[in-house]
Amino acid sequence: MLEYTPKEMIKRDSGGMINPAKTCQPVGAMYAALGIHSCLPHSHGSQGCCSFHRMHLTRHFRDPIMASTSSFTEGASVFGGGANLKTSIKNVFAIYNPDVIAIHTTCLSETIGDDIPTAIRQSEIPEGKVVFHANTPSYQGSHITGFSNMTNAMVTYFSETKLADGKKEKFVNIIPGFVNPADMREIKRLTEEMGIKYIMFPDTSGVVDSPMTGKFEMYPSGGTTIPELKKTGDAKFTISLGRFASQMAAESLEKKCKIPFVSLKEPIGIKATDEFLMALRGAFATEIPESLECERGQLVDVMTDTHFHFHGKKVAIFGDPDVVTAMTEFCLSLGMLPVHVLTGTPGGALGSGLGGFEQEVKAMLNEAGVCGNVKAAGDLFTLHQWIKNEPVDLLIGNTYGKYIARAEDIPFVRFGFPILDRAIHPYMPVTGYRGALRLIEQISDALLDRCDRDAADEDFELVM
Amino acid sequence: MEDVVLLKGREQFVRQKGERHQTLPISCGAESVAGCVSQRACVYCGARVVLNPVADALHLVHGPIGCASYTWDIRGSLNSGKSLYREGFSTDLREKDIIFGGETKLAAALDELIPKYQPPVVFVYSTCVVGIIGDDLDAVCKAAAEKYGVPVLPVQSSGFVGTKSIGYQTACDVLFKLIEPPTTKLLLRRRPVINYLGDFNLAGEAWIIRSYLKKIGIDVNVVFTGDSRYEEIRRAANAELNIIQCAGSMFYLAQKLEEAYHIPFMQVSFLGVEDTADSLRKIARFTNDPGIIRRTEEVIAAELRRVMPDISGYRTALSGKKAAVYVGGGFKAISLIRQFREIGMEVVMVGTQTGRREDYEIIGDIANDGTIILDDANPAELERFMLTQGADLLVGGVKERPLAYKLGIAFVDHNHDRKHPLAGFEGAVNFAHEVYTTICSPVWNAVKGGVVRGDL
Ligand code: SF4
Ligand code: SF4
């Protein structure tokens, strides 16, 4: 595999992709929508897209992923899909009976310019049921943008201020970003340990990692409820984790309901987790409980025990911008050298005066004195070329990295979305101090297994 | 069935075999109802599935990124040489291209890729958006073909023009364009030469069938399209027979080859011991060569001696269990009904995504009374019928797996995620083994047991 990638960097003027490091908006929107309780995501377009998106999520989460489709035909594509959408809404409530339908568009319905709000207004929506939408044309952004747009739609449709002016309730909104349900659980656990009330949205825990009961639940017990989404407008403040996936919704909430927000990295690694807890502590004037101090202490202990495994090791990191940024920071804190850092999502256009992905990662590398390649809107062909020119000791990224890992014979740690060829990942958090422990275990195992494999007989040792 | 709520408009797609109930015909090949949680894919998906295994071709998806991302190396089609087909190429259309048209970007991508990879043939797939913005794919491809002297073929596969089956047809049309008139004098050849259609070499299945045929004295000219090469495809007309495994995807190509080059075709199935043996006999009889017919019997006898002890063992363990089948094509469903009988199991529900009327007629004939037969099912229907029919196992594809597991029902993948071959005699053993491992796994005890709340 990948025997075609040449070492010399070639000019790539066409703007096309070779071995993409991103996918399209609707899959992110579908994932975000699953984080609402009793919600059926609806794909407004032809069947193919919906089928691909469900397949992709199904492979990653290994849980049934439900979503309906407008099933566009040629007629709908020429004359507009409004009628299809109205029929869909009627059918979906009649048969699948969700509490909420979350519509996202596809390239097709965007290109023909369907007016979704009007179609929704003209639909028969049963009493007590809700339909909302997000525009997710895939020729802009990536699946991360889609997640962001759908999360933003939750704010624009639902958040409301109930309390008298300026009054706020004592809880925090947490927008977790495009992470696994286990990470959402971990972020909630940390918040609970702090003794702070919260509303997390979207929250896919309990939905895409639902327990086996011997029954198929179309709508498992997890997910943020609509009353909770409404209440987000009364929070003391909002923490948005991962600015590419979450910041847009936090900004809308600020504009709509005057709720201040802080935009933080995904709490991956020690520094980002510290920052998350400090933000909570600062806003609620509470102390960090001993339980969390203890977890942090354990993490630091393990970091000291293992630091020589990592020191000076070159690493390449790729995947979604929010988790890649945080992972880069963590690798630096372990003494590693992230010499190639790449995301497929275009970086920067979405930034709100915060600079782009490339700037942010470069700043981190500069500060640590590491010289590296950094690219947003890149593809895995580029990453592979970089690695050919400057080999690394470790590759960290989603399943698609396995080709490069094999071609270049590099140890590989699976991280991010999607992971299609290994189980369990959605169940194991990488966020928080405990998540960092797990990452250390994975990274150091990968490096040491490699040492053992490569060791000559006379160097092969029991104790490392 | 009466107590099962069916989506309005879906009544015609579901039947239960038996006197008390309505009988066939079932509706099929129709458009899905808007608002369905359909398991179906699109034209592009169909075309891609068929063409993608052409191993030395450059497959460029013209459209926004998703369509290419999801189909980048998702099918485990094995190959024996260089594997350009496993790279994911996309023009990654952006907003600007949607507004001003994507032709320039497509031409630029071809200019970048063709000199770099020097492929013998290029397939350019159009996706929905391209169909809507009206890029002139033909013109861009033609220009590139002239410029670089390689065939650059447009695959008109905008997803919305129909279902996966239309995509199969589109792919067949494209393949047909590559095929040249016959060159060799067939009579001069010492061994019969045939084409094998409708095998995508998942887990190396095409290699197994090729090896059986070789043993009985027949050469395979080209496989469509598992582990195939441009040069082989060009020579496809140099065959005296086409055998078709997956009819859903390849029937149309076989017809076209018969019309154009008078190559007869026959439908075969290499799923299950019985079907595999029957198919080999059918092929042997066609050659009318006593040596081949004799060797075929020898090969079958030897294979049966080899695999039957295993199969009988599994049969004892699985006797009386019930299976549900939900697969892509009708012919596979038919074979599976027979194959389950071989291992002592009864099929109680059978459905397909793209089955044809004739397939459903055969299914109606061979299914037991009471069997539920359904076209283009959705998860809610699958769930209900699996439960009401008491299925112990589901055969399906990626999206059906977790559904079955959540219901505590065993599962076998008969689509792209399988890791071992399920075709031929050894495939039959693998299949029985897989059915056995999943049905008889101790994990189901954990599912059924459970901890009663308050017990601890
Ligand atoms: S058409 Fe657009 S939405 Fe559909 S799969 Fe392709 S990129 Fe994604
Ligand atoms: S956009 Fe069209 S071609 Fe692409 S996946 Fe969707 S339905 Fe298929």
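Predicted model: local features only at pLDDT ≥ 70, side-chain atom pairs only at ≥ 80, totals over all residues.

On the chain A side, S1 covers residues 17-18. Ile18(A) has Phe89(B) as its bridge partner in S3(B), while Met17(A) stands opposite Ser90(B).

Which sheet does this pairing belong to? The strands follow one another in the order S1(A)-S3(B)-S2(B)-S4(B)-S5(B), forming an open sheet of five strands with mixed pairing. Its edge strands are S1 of chain A and strand S5 of chain B, residues 152-155, each of which pairs on one side only.

I turn now to the interface as a whole. Chain A brings 73 residues into contact with 70 residues of chain B. The two chains bury about 6100 Å² between them, and carbon and sulfur atoms give 62% of that area. Three residues, Tyr4(A), Phe52(A) and Tyr139(A), supply 13% of what chain A buries against chain B, more than any other three residues.

As for polar interactions, 22 residue pairs are in polar contact between chain A and chain B, counting pairs with both residues at pLDDT 80 or more. Which elements of chain A give two or more residues to the side that touches chain B? They are strands S1 (17-18), S2 (39-44) and S3 (68-69), together with helices H2 (47-61), H3 (74-79), H4 (82-95), H5 (107-111) and H15 (380-389). The largest share, 10 residues, comes from H2(A). By residue class, this side of chain A divides into 33 nonpolar, 29 polar and 11 charged residues.

Salt bridges also cross the interface, and the rule finds three of them. One pairs Asp63(A) with Lys406(B), where the closest N and O atoms are 2.5 Å apart.

Finally, I would draw your attention to helix H1 of chain A, residues 25-34. Is this helix mostly covered or mostly open? It is mostly covered, with 10 of its 10 residues buried; among them are Gln25(A), Met30(A), Tyr31(A) and Leu34(A). What covers the buried residues of H1(A) includes, from chain A, S2, H2, strand S4 (100-105), helix H7 (143-158) and helix H8 (181-193). Chain B takes part as well, through its helix H2 (65-71).

Conventions: Residues numbered from 1 in each chain as written. Chains lettered and ligands numbered in written order. Heavy atoms only, no water. Contact = heavy atoms within 4.5 Å. Buried area = accessible area lost by both parts, 1.4 Å probe. Salt bridge = Lys/Arg side-chain N within 4 Å of Asp/Glu carboxyl O. Polar contact = N/O pair within 3.5 Å; in protein donor to acceptor, adjacent residues only side chain to side chain. Helix = DSSP H or I, 4+ residues; strand = E, 2+ residues; numbered from the N terminus. Nonpolar A, V, L, I, M, F, W, Y, C, P; charged D, E, K, R; others polar. Pairing = 2+ DSSP bridges. Buried < 20%, exposed > 50% of the residue type's maximum accessible area, 1.4 Å probe, protein only.
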